[in-house]
Amino acid sequence: MLQKDLRKSNIFQITEGFVRLFEGLADRLHPETNFGSFVSILLYLILILAVTNRTGEYLVLSIPLLLLIYVSKNSIIDVSQLHVVNDQEIYRVLEGDPVKIKCLIENLGPEIKEMKITKHLPAGLNKLKGVSSLITPLPSQDCCMLEYELSGGCGSYKLGEIEIHIPGFLGLTFKRKTITCDTKVLILPRVASKKGLVLRPHRVRPQTGNNPSRQGGDGIELFGVREYRPGDPLRYINGRASARHPRSLFIQEFERERVTTVYLLVDTQGRTQPKLGENDILHHCLEATSILSESLINSGNRVGLYIFGKFHNWVFPGSGKLQKEKILRALALETGNVSTWNTKLADLPTRFLTPRSLIILLSPIMGTELSMLNSLKGRRYQVLVINPDEIDFQEKKHTTNKAIQLSLRTAHIERKMAIRCLGESSIPVLNWQVDSPFELIASRFLGTYWK
Amino acid sequence: MNRHFLLLPIILYTMFMVTGFLQVKQVTPSLLITVFAIFWAISAARCWKIPATLMLVVVFLSAIIGVQAQVDFGWIMAGLAAGIIGWDLERFRRYLSSVDQIKSSEVIIKRHLIQLFGLVGISTLISVLSLHVTLQLNMYLVIFLICAFLLIKIER
């Protein structure tokens, strides 16, 4: 029984192999492109056979092919007056939401009795539902519509081309027109948190915010008690302290809360393409950046962004909703921003940075930018490194292979050494295991470290 | 388009060709044609992506072998017509199944079938005429016809 089953499965596998071979051939000999020329070749072969054998019957065999080619060659119409219009120029959605696309095809020329419209989807986007290819007749001055929904990872995608085939007689020959669309799909990272983050910056801006400024003034948190000066509000007089000193008055002072300028530096070194997903550490890194920017802007801070590495981008510091949108768009890693060379942290234009501002570096790679971080620290910038643990992340994926495990252990040691070096330069490092929620860890770390 | 409808021209092609070959006692070609037809029918029923060009080649190859084996030309023409219809319908089914939606599909299918049967009908008629009608042309008429053909071509 077992042997019979084995034989059956072998035969099944062989048949499957043959079918796959033929399918591969079919893809190469695509009917829509090669039929006309193929039928012509067949016709010529039959004619040559007829001439060499001097047999009339062969000539008769060629009649259907001759008719087929003649009629199909003379039945193609002009397609130059077809126009494609999308309902939006840029489709902007958050990650996980579907992109609803409507595409209108207008015929300003003569009536088309049959046409095939195919919309080629860009790599990285999947069709959820709807119609992205259509066969339809299209009367003169009329239009038809493609309506479909896409989904994909965060990034910037160009919608690409629409291919229109107008078949001739029996579909043997086609008139083809490719219309290029400049329409973009922007899938921005979804920010889970809307809470504000509290920092302890060295230097603050004059505007009121949420960050304690280490200076006495108006605020909520008690900063200290000092002697009363004329002009101080009487309601803040500290009764107990004043009672101890009969000839003088003391008032309570609160800590001023102000905004600050934060620069988020994102490292995309070693990346070649913006295809992101849950299995990519860069995805987590960008997610963390979006959470940080959202939270910091919600707290009223001015936030700037510098993406370096393969994807180069720079957003000047700012605040408000527009700034959030700018940062999210930059984090979508537009393919237009791919550098021909890998930019490094050393290329950071430090002249543009606000003096003594807070710099947060988000990088999965450790140890490569140590000198630049030290240099920034030396110029009295506040530097903080957030390091998603890529080695731990990779370890969870490759648990079986011994060689990989060994190399991961080595990488672990290297990483620990790099963190120790940063610690010696008094640069705080947040070691983030990407499984744990970033928002929680970041709020704890940023809230406590600076005290 | 119904998948079983595609099997009809394949069966007709096999029937005509095998009958023709068996009439002249050619067993091997008829067996080969039967095997090919079974393969073709299975691929049509299971929607395998076998190139349609392969089917057309085999159809014409069997017709050429038939002429060489001096099979009755009526059977060959009938088999060829059925083969062309089968090949075209298979191709048309693939064309229709390559899109998400077909608007006014009935009109499109009807027009295609009219074109197909028109082509097969006209070509069969011309073939029958060419086999049974003999024209005797003198050289002046031949030159005139060639010139007229060239003039039409140049005008286009």
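Predicted model: local features only at pLDDT ≥ 70, side-chain atom pairs only at ≥ 80, totals over all residues.
Contact here means heavy atoms within 4.5 Å.

- Strands β4 (residues 112-119) and β8 (residues 155-167) of chain A run antiparallel and are joined by 4 bridges.
- A:Lys116 has A:His165 in β8(A) as its bridge partner.
- β6(A) pairs with β1(B) in the parallel sense, over 2 bridges.
- A:Leu134 has B:Gln101 in β1(B) as its bridge partner.
- Strands of a sheet pair through backbone hydrogen bonds, either parallel or antiparallel.

**The four-stranded sheet**

- In chain A, 4 strands form an open sheet with antiparallel pairing. Their order is β1-β3-β7-β5.
- The edges are β1 (82-86) and β5 of chain A. Each of these has a single partner strand, so one side of each is left without a neighbour in the sheet.
- Neighbouring strands of this sheet are turned by 35° against each other on average, direction ignored.
- Strand β3 (residues 99-107) of chain A runs antiparallel to β7(A), and 9 bridges join the two.
- A:Asn107 has A:Asp142 in β7(A) as its bridge partner.

**The interface: size and polar pairs**

- The contact between the chains takes 48 residues from chain A and 45 residues from chain B.
- The area buried between chain A and chain B is about 4100 Å². Carbon and sulfur atoms give 73% of that area.
- Across the interface, 10 residue pairs are in polar contact, both residues at pLDDT 80 or more.
- The elements giving two or more residues to the side of chain A that touches chain B include α1 (2-28), α2 (31-53), α3 (56-61) and α4 (63-73) of chain A. Strands β4, β5 (125-130), β6 (133-138) and β7 (142-152) of chain A are also among them.
- α2(A) gives the most to this side, with 9 residues.
- The residues on this side of chain A divide into 32 nonpolar, 8 polar and 8 charged.

**Salt bridges**

- Side chains of opposite charge can pair when their charged atoms come close.
- The whole structure holds 13 salt bridges over all chains.
- The interface of chain A and chain B has 2 salt bridges.
- A:Glu114 forms a salt bridge with B:Arg111. Their closest N and O atoms are 3.0 Å apart.
- B:Asp100 forms a salt bridge with A:Lys127, with the closest N and O atoms 2.5 Å apart. This pair crosses between chains. B:Asp100 sits in the loop between α4 (73-97) and β1 of chain B, whereas A:Lys127 is in strand β5 of chain A.

Definitions and conventions
Residues numbered from 1 in each chain as written. Chains lettered and ligands numbered in written order. Heavy atoms only, no water. Pairing = 2+ DSSP bridges. Buried area = accessible area lost by both parts, 1.4 Å probe. Salt bridge = Lys/Arg side-chain N within 4 Å of Asp/Glu carboxyl O. Polar contact = N/O pair within 3.5 Å; in protein donor to acceptor, adjacent residues only side chain to side chain. Nonpolar A, V, L, I, M, F, W, Y, C, P; charged D, E, K, R; others polar. Axes fitted to C-alpha atoms, helices over the stretch in contact; angles between N-to-C directions.
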